[in-house]
Amino acid sequence: MAFEYKLSNIFSGGLIYSAGDTIAVLITNGFDFGDLNYVRVLGVFMIGATLYALEIPNFFNWIDKKVPQNGSKKNDMLRAACATLFFNPLWIARHILLIQLVSGNYSTIGWSILMTGLISFVVNIPVAFVANYWIQNKVSVKNRFVVSAVFSGIMAIYYSLSETWY
């Protein structure tokens with residue numbers, strides 16, 4: 001299996017994740033552009049351009065290798081389940097942790113992030129499964145990371161809001 005880390009994924013991952021997180025910040029702060037933390041925007045851009053642009057396409061490639069897209073409903077469902085489980089409570093908690101780190105909110109880092117990740121994941125399962133079913137089975141391999149990043153950007157809004165809600 002070839003390892004993938006492409007310039008297009010780096011650029012789109014950085015832009016899409018930082019845009020989603022920026023929207024979340026603006027929503028939670030009442031669209032106060034003065035409170036926008038530009039270090040956070042840059043930090044989330046770097047996370048999306050490095051870590052996420054590296055791990056997500058390669059995990060999707062792993063799914064393609066382990067669960068071939070052969071038109072069977074069983075494989076379609078398994079592919080969606082694999083992608084849904086990849087973005088599990090620990091992945092969500094890590095995302096929240098990274099955001100707290102790049103935001104300089106060190107005092108908010110604690111074990112409660114794990115509970116937020118768990119609740120966010122459980123509440124989101126129906127939406128995530130449907131979205132991942134579509135991404136894994138209907139979107140071309142070439143566009144899968146970008147479409148997943150857009151969905152994840154939207155979910156980044158949800159994850160940021162979940163810190164407040166849960």
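Leaving aside neighbours within four places in sequence, A128 is in contact with T84 and F151. The model is predicted. The protein chain has 6 helices and 0 strands, and its radius of gyration is 16 Å, close to the 15 Å that the globule rule gives for 166 residues, so the chain is as compact as a globular protein of that length.

**Whole chain**

- From the N terminus on, the order of elements is α-α-α-α-α-α.
- Taken along the principal axes, the box filled by the C-alpha atoms is roughly 50 × 35 × 25 Å.
- Buried residues make up 48% of the 166 residues of the protein chain.
- Among contacts with a separation of 6 or more, 78% come from residues 24 or more positions apart.
- The accessible surface is about 8,500 Å², and carbon and sulfur atoms account for 72% of that surface.
- The side chains include 11 positive and 8 negative ones, and the centres of these two sets lie 16 Å apart.

**Aromatic rings**

- A pair of aromatic rings is described by two quantities, the distance of the centres and the angle of the planes.
- With ring centres within 6.5 Å as the criterion, the count comes to 6 aromatic pairs.
- One of these is the pair of F86 and F87, which is edge-to-face, with 4.9 Å centre to centre and 90° between the planes.
- The angle of 90° is over the 60 degrees required, so the F86 and F87 pair falls in the edge-to-face class.
- F86 has a relative accessible area of 15%, under the 20% cut-off, so F86 counts as buried.
- F87 has a relative accessibility of 9%, and F87 also counts as buried.
- Ring pairs join Y17, Y52, F59, W62, F86, F87 and W91 into a cluster.

- Helix 5 spans residues 112-138 and contains A128.
- A128 is buried, because its relative accessible area of 8% is under 20%.
- Between A128 and A81 there are 9.3 Å from C-alpha to C-alpha, and the two are 47 residues apart in sequence.
- F121 is also found in helix 5, and F121 is buried at a relative accessible area of 11%.
- Not counting residues up to four places away in sequence, F121 touches T84, L85, F87, N88, P89 and I92.
- T84 is therefore a contact of F121, and T84 is a contact of A128 as well.

- N75 lies in helix 3, which covers residues 73-86.
- With 12% relative accessibility, N75 counts as buried.
- Outside the four places on either side in sequence, N75 touches V67, P68 and N70.
- D76 is found in helix 3 too, and D76 counts as buried with 6% relative accessibility.
- The sequence separation of D76 and N132 is 56 residues, and their C-alpha atoms are 9.9 Å apart in space.
- Leaving aside neighbours within four places in sequence, D76 is in contact with G71, Y133 and N137.
- Asp counts as negative, so D76 is a charged side chain under that scheme, and D76 is buried.

**Helix 1: V25**

- V25 lies in helix 1, which runs over residues 7-28.
- V25 has 10% relative accessibility, which is under 20%, so V25 counts as buried.
- V25 and R40 are 15 residues apart along the chain, and their C-alpha atoms are separated by 9.8 Å.

Key: Residues numbered from 1 in each chain as written. Predicted model: local features only at pLDDT ≥ 70, side-chain atom pairs only at ≥ 80, totals over all residues. Heavy atoms only, no water. Helix = DSSP H or I, 4+ residues; strand = E, 2+ residues; numbered from the N terminus. Rg over C-alpha atoms; globule rule 2.2 N^0.38 Å. Buried < 20%, exposed > 50% of the residue type's maximum accessible area, 1.4 Å probe, protein only. Contact = heavy atoms within 4.5 Å. Areas by Shrake-Rupley, 256 points an atom, 1.4 Å probe, with all protein chains shown as cover. Charge placed at Lys NZ, Arg CZ, Asp CG, Glu CD. Phe/Tyr/Trp six-rings, centres within 6.5 Å; stacked < 30°, edge-to-face > 60°.
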